[in-house]
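The tour goes from stop to stop, with something to select at each.

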Amino acid sequence: MTKTYDLVVIGGGPAGLSASIYAARAGLKVLVLEQTISGGQMRLTGTIDNYPGFPEVTGAELSEALHRQALQQGAELVASVARKLRPEDGGFVIESSTGTYRCGAAIAASGTFHRNLPCPGAEEFVGKGVSFCALCDAGFVRDEAVAAVGGGNSALEEADFLTKYASKVYVIHRRDEFRAEKALQDRARANPKIEFVLSAEIDAIEGSDIVERVLVRDKKTGEVKPISVGGVFMFVGSSPNADYLPHDVLRSQGGWIATDDKLQTSLPGLFAAGDVRDTDLRQIVTATADGARAGMNASKYLEKTH
Ligand code: NAP
């Protein structure tokens with residue numbers, strides 16, 4: 001049976017939950033489709049120290065609080081994966097793993113997925129030593145050396161976290177410079193368990209049943225050397241989770257969803273919020289702010305059109 005809502009929010013991370021809080025407070029009947037559990041990638045973050053007002057909070061704590069707040073405001077939350085969204089009769093039909101939903105407006109707040117390296121072994125060893133989440137998998141590499149690949153905020157933040165478990169963390173990055181914030185660079189440099197392997201690329205990930213080593217090429221000399229590791233944590237960027245949206249929704253290079261100054265996409269009534277959007281800063285605070293604006297703007301859109 002098809003269920004009907006004023007607004008369906010796709011994604012239960014900080015953007016989606018904030019959107020649902022604002023839209024439900026504005027009196028809309030709101031459903032949030034969450035791929036797994038509330039919080040999205042935020043839930044997999046250990047300590048968060050840059051969310052204003054909360055000098056030290058964990059991703060799990062913030063996720064729980066947002067989840068509770070969304071329910072308190074009257075939003076409905078369901079564990080469900082959106083498969084297809086299409087415009088119909090002035091609104092939208094969303095096909096999902098839990099059935100079909102109709103709504104007058106929708107918000108894409110579906111975040112990103114982690115990219116992998118294109119080298120031999122990278123796909124083969126996913127779940128067997130290749131991981132995208134330090135919080136989830138650090139326990140499996142206790143007292144072993146591991147590699148953290150990348151030079152962004154995720155790589156340096158997660159490398160620091162990994163040192164709580166691993167005996168040593170090699171940060172392998174393709175350039176000499178990092179795009180990560182200075183504070184994270186300074187913290188990683190001060191950590192004696194972190195060794196930087198810079199201007200270096202991984203040619204292959206090898207092992208028998210599980211990861212045993214990476215073959216690392218020095219980009220300046222061309223020399224290739226093996227480094228023994230029990231795990232490879234990939235932080236080489238992310239791509240938007242937006243395959244369920246119609247192909248003609250305007251996207252920027254890389255597939256990020258383009259929005260106007262009201263966070264509306266090129267499809268009237270469809271808004272986008274958080275990391276999935278073409279934006280210059282991907283943080284929890286920008287995701288929650290996006291969510292609030294998308295929720296309110298969706299409400300105003302419905303007032304005018306329905
Ligand atoms: P990111 O900022 O896009 O960084 C990806 C890193 O992977 C870059 O250093 C990039 O190298 C490297 N890389 C990309 N493709 C590669 C390849 N084929 N081979 C080798 N290296 C490759 O991604 P992110 O660190 O996951 O962060 C995503 C977003 O979330 C960012 O906006 C970030 O600010 C935000 N974030 C914020 C926090 C925080 O504020 N505490 C924490 C985590 C994430 P180059 O530098 O050479 O391009």
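**Stop 1: a loop residue with positive phi**

Select D89, in the loop between β6 (82-88) and β7 (91-96). Remember throughout that this is a predicted model. Now check the backbone. D89 is not a glycine, yet its phi is positive, about 50 degrees. Is D89 buried or exposed? D89 counts as exposed because its relative accessibility is 74%, and the cut-off for exposed is over 50%.

**Stop 2: another positive phi**

Go to L263, in the loop between β18 (238-240) and β19 (270-272). L263 is not a glycine either, and its phi is positive at about 65 degrees. Look at its surroundings. L263 has a relative accessible area of 1%, so it is buried.

**Stop 3**

Select Y301 in helix α6 (residues 284-305). Why does Y301 count as buried? Its relative accessibility is 17%, and buried means under 20%. Next, show its contacts. Leaving out residues up to four places away in sequence, Y301 touches G90, G104, A105, Q264, P268, G269, F271 and H306. Y301 and L270 are 31 residues apart in sequence, with their C-alpha atoms 9.8 Å apart in space.

**Stop 4: L117 and its contacts**

Move to L117, in the loop between β9 (112-114) and β10 (130-131). Which residues does L117 contact, leaving aside neighbours within four places in sequence? They are A122, V149, I202, M234 and V236. Pick V149 from that list. L117 and V149 are 32 residues apart along the chain, and 9.1 Å separates their C-alpha atoms.

**Stop 5: the ligand**

Select the ligand and display what surrounds it. How many residues surround the ligand? There are 18, and the closest are S154, E157, R175, R179 and Q283. Color them by class: three are nonpolar, nine polar and six charged. Then color by domain. Domain 1 (3-113 + 238-305) and domain 2 (116-234) each supply at least three residues to this shell.

- Q283: a polar side-chain atom is 2.7 Å from an oxygen atom of the ligand.
- S154: an N or O atom in its side chain is 2.8 Å from a ligand oxygen.
- G152: here a polar backbone atom is 3.3 Å from an oxygen atom of the ligand.

On its own, the ligand has 910 Å² of accessible area, and the protein covers 78% of that.

Key. Residues are numbered from 1 along each chain as its sequence is written. This is a predicted model: local features need pLDDT of at least 70, side-chain atom pairs count only at pLDDT 80 or more; totals for chains, interfaces and linings use all residues. Side-chain values use heavy atoms; hydrogens and water are left out. A residue is near a molecule or strand if one of its heavy atoms lies within 4 Å of it. A polar contact is a pair of N or O atoms within 3.5 Å; within protein, one must be able to donate a hydrogen and the other to accept it, and residues adjacent in sequence count only if both atoms are side-chain atoms. Accessible areas come from the Shrake-Rupley method with a 1.4 Å probe; for residues, only the protein chains shown count as cover. Ala, Val, Leu, Ile, Met, Phe, Trp, Tyr, Cys and Pro count as nonpolar, Asp, Glu, Lys and Arg as charged, and the others, Gly among them, as polar. Domain bounds come from an automatic or database domain assignment. Helices (H or I, at least four residues) and strands (E, at least two) are DSSP runs, numbered from the N terminus. Buried means under 20% relative accessible area, exposed over 50%, partly exposed in between (1.4 Å probe, protein chains only). Contact means heavy atoms within 4.5 Å.
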